[in-house]
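The sequence and the structure come next.

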Amino acid sequence: MSNSSTRHTPGEPGNTLGELLRWASDLLADEDGSGRLDAEVLIGHVTGQPRHEPYIRPERTLPTSQGQRIEELVRRRAEGQPVAYLTGECEFWSLPLHVTPATLIPRPETELVVESALAHLPAGESLYIADLGTGSGAIALALASERPDWRVVATERCTAALEVARDNARRLDLANVAFHAGDWFEPLAGQRFDLIVSNPPYVRTGDPHLERGDLRFEPRTALASGVDGLDAIRRITASARQYLVPGGRLILEHGFDQGAPARDLLMALGYGDITTLRDLAGHERVAVCAWKR
Ligand SMILES: C[S@@+](CC[C@H](N)C(=O)[O-])C[C@H]1O[C@@H](n2cnc3c(N)ncnc32)[C@H](O)[C@@H]1O
């Protein structure tokens, strides 16, 4: 009698949950074991069941349409497409966000920007915050959800990304955030903020990482920023001085090796209280400073 581990034809996905999970895990197998997790996520996305369902009911037969959809997504994942683009979902700051290939997939290290903003500014006050290059809306939405008293305004040059951000705000029912299309500060002319945050593009043009992993599928304009990766950071830091109230804070994510150049830049521009925060991997990742004048 064949047991459940040999029932499906090798190379064929099968049509029970257990067979599909084995087939997908084999196809996506990699050194760090994330292939099995990807398989569980994609199956759960299509079936609408929790990730552990294939382990509890491996014998459950799926409708043909679901089996075909799982096969299609797993094959696209095997070609390298990011799981978040295949499911259209990504969690950031515990918020379920929609993402599309027009938006960066929010990264866990960007939560450091949110954490730092919440730590540096008082709760319970009506503060005005700007998020530049908002993408899916990740940082703006996290701050708006944590601080209902704050008003958050976010800008983004890519109108397709902006639509995703607006849709995320609607689905999360966050009314204290607004989105504007345009180049960095351009839609915010004449305004002053208590806090400006940004996770701008900061990868060097020509960096080989742009040709690897998820980055291959993400918008190049969300990632790359000039030969040293600092073009966007230079523009934002130079302009932010006119847009901060006296004592206002600027919090910026940067590359793992850009801590020192970012600090030098901020110092040269006259910012004070300059500090750098490290991410969970121990890399310098976020610059925090204040505009004292
Ligand atoms: C690294 S992504 C960050 C997205 C989002 N804030 C996040 O953390 O997931 C940078 C974003 O800046 C946007 N961007 C690039 N250049 C811009 C510009 N000149 N003005 C406004 N937004 C810009 C990109 O379209 C992209 O959405």
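Ser198 is found in strand E6; helices (H or I, at least four residues) and strands (E, at least two) are DSSP runs numbered from the N terminus. This is a predicted model, in which local features need pLDDT of at least 70 and side-chain atom pairs count only at pLDDT 80 or more, while totals for chains, interfaces and linings use all residues. Residues are numbered from 1 along each chain as its sequence is written, and side-chain values use heavy atoms, with hydrogens and water left out.

Ser198 has 0% relative accessibility and therefore counts as buried (under 20% relative accessible area, with exposed over 50% and partly exposed in between, for a 1.4 Å probe and protein chains only). Not counting residues up to four places away in sequence, Ser198 touches Asp131, Leu132, Ile139, Ile236, Ile251, Leu252 and Glu253; contact means heavy atoms within 4.5 Å.

Val197 lies in strand E6 as well. With 0% relative accessibility, Val197 counts as buried. Leaving aside neighbours within four places in sequence, the contacts of Val197 are Val113, Ala117, Ala130, Asp131, Leu132, Ile139, Leu143 and Ile251. Val197 and Ile139 are 58 residues apart in sequence, and their C-alpha atoms are 8.0 Å apart in space.

## Nonpolar cores

A nonpolar core is a set of buried Ala, Val, Leu, Ile, Met, Phe, Trp, Tyr and Cys residues joined through side-chain atoms within 4.5 Å. The largest has 33 residues, and Leu143, Val177 and Phe179 touch the most other members. Elements that each supply at least two residues of this core include strand E2 (95-98), helix H6 (111-120), strand E5 (177-181) and strand E6 (193-198). Helix H7 gives the largest share, seven residues. A second, separate core of 25 residues includes Tyr128, Trp184, Phe193 and Leu244.

## Helix packing

Two packed helices are described by the angle between their axes and the distance between the axes. Here axes are lines fitted to C-alpha atoms, for helices over the stretch in contact, and angles run from 0 to 180 degrees between N-to-C directions.

| Helix pair | Angle | Axis distance |
|---|---|---|
| H1 (residues 17-28) and H2 (residues 34-47) | about 140° | 8 Å |
| H2 and H4 (residues 64-78) | roughly 145° | within 9 Å |

H1 passes H2 in a right-handed crossing, and H2 passes H4 in a right-handed crossing; a crossing is left-handed if the near helix is turned anticlockwise from the far one by less than a right angle, and right-handed if clockwise.

In the second pair, Asp38, Leu42, Ile43, His45, Val46 and Thr47 of H2 meet Gln66, Arg69, Ile70, Leu73, Val74 and Arg77 of H4. The residues of this contact divide into six nonpolar, three polar and three charged.

## Whole chain

The chain has 11 helices and nine strands. Along its principal axes, the C-alpha trace spans about 80 × 40 × 30 Å. Of the 293 residues, 50% are buried.

Technical notes. Nonpolar A, V, L, I, M, F, W, Y, C, P; charged D, E, K, R; others polar.
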